[in-house]
Amino acid sequence: MFFFFVGGVNQQVRQVLKSGAGRCINCGSRADLVEYEKVLKLFFVPVWRWPAKDPAMYCNNCNLFFPPEFSTTRPRESLPPPPPDALRCRFCDRDVEPEFSFCPYCGSAL
């Protein structure tokens, strides 16, 4: 007899504390300071929820949760200019090598 377990723990935003509080460490877009909760799912159905201890930063663009101390508050315009031969992804606005057909950060076609 075989049993398969389909489930896992996921993080979900519970409440937005401050909108646009910093920048995402992955894609550089605006990130919100949020309270979040962890959710145990069995067969894609939420079974148990519990709140996290500390607030976190959440990026709506790439759905990343990260600690607030890692966030950069420096605006995107003050970053160094991209090399002249680099492309920019139209979805996540990141620098991409010219030989790539797809963005390595968000997966969209260039």
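**View 1. Leu33 faces Met57 in strand 4.** Leu33 stands opposite Met57, which belongs to strand 4. Strand 2 and strand 4 pair in the antiparallel sense over 4 bridges, where pairing requires that DSSP finds at least two bridges between two strands. The coordinates are those of a predicted model, in which local features need a pLDDT of at least 70 and side-chain atom pairs count only at pLDDT 80 or more, while totals for chains, interfaces and linings use all residues. Residues are numbered from 1 along each chain as its sequence is written, and side-chain values use heavy atoms, with hydrogens and water left out.

**View 2. The protein chain as a whole consists of 7 strands and 0 helices.** From the N terminus on, the elements run β-β-β-β-β-β-β; helices (H or I, at least four residues) and strands (E, at least two) are DSSP runs numbered from the N terminus. Of the 110 residues in the protein chain, 23% are buried, with buried meaning under 20% relative accessible area, exposed over 50% and partly exposed in between (1.4 Å probe, protein chains only). Among contacts with a separation of 6 or more, 44% come from residues 24 or more positions apart, a contact being heavy atoms within 4.5 Å. The accessible surface of the protein chain comes to about 8,100 Å², and 57% of this area belongs to carbon and sulfur atoms; such areas come from the Shrake-Rupley method with a 1.4 Å probe, and for residues only the protein chains shown count as cover.

**View 3. Strand 1 and strand 2 run antiparallel and are joined by 12 bridges.** Strand 1 covers residues 7–23, and strand 2 covers residues 30–42. Two of the facing positions in this pairing can be followed residue by residue: Gly7 stands opposite Leu42 in strand 2, and Gly8 stands opposite Lys41 in strand 2. The hairpin of these two strands has 6 residues between the strands, and within this hairpin Gly28 takes a positive phi near 85 degrees.

**View 4. Val34 is a buried residue of strand 2.** The relative accessible area of Val34 is 1%. Leaving aside neighbours within four places in sequence, Val34 is in contact with Val13, Gln15, Val16 and Leu17, and also with Pro55, Ala56, Tyr58 and Phe65. Between Val34 and Ser19 the C-alpha to C-alpha distance is 8.4 Å, for a sequence separation of 15 residues. For orientation within such an element, side chains in a regular strand alternate between the two faces of the sheet.

**View 5. A salt bridge joins the side chains of Glu37 and Arg49.** The distance from N to O is 2.8 Å, and the structure holds 1 salt bridge (a side-chain nitrogen of Lys or Arg within 4 Å of a carboxyl oxygen of Asp or Glu). Because Glu37 lies in strand 2 and Arg49 in strand 3 (residues 45–51), the pair ties together parts that are 12 residues apart in sequence. Glu37 is buried, at 14% relative accessible area, whereas Arg49 is partly exposed, at 41%.

View 6. The hairpin of strand 2 and strand 3 has 2 residues between the strands. Phe43 is exposed, with a relative accessible area of 52%, and Phe44 is exposed as well, with 72%. Together with Val6, Phe43 and Phe44 make a nonpolar surface patch of about 350 Å². Patches are made of residues with over 30% relative accessible area and no salt bridge, like charges being joined within 9 Å and nonpolar side chains (Val, Leu, Ile, Met, Phe, Trp, Tyr) within 5 Å.

**View 7. Asn61 sits in the loop between strand 4 and strand 5.** Strand 4 covers residues 56–59 and strand 5 covers residues 64–66. Asn61 is partly exposed, with a relative accessible area of 40%. Not counting residues up to four places away in sequence, Asn61 touches Cys27, Ser29, Phe91 and Cys92. Asn61 and Cys92 are 31 residues apart in sequence, and their C-alpha atoms are 7.5 Å apart in space.
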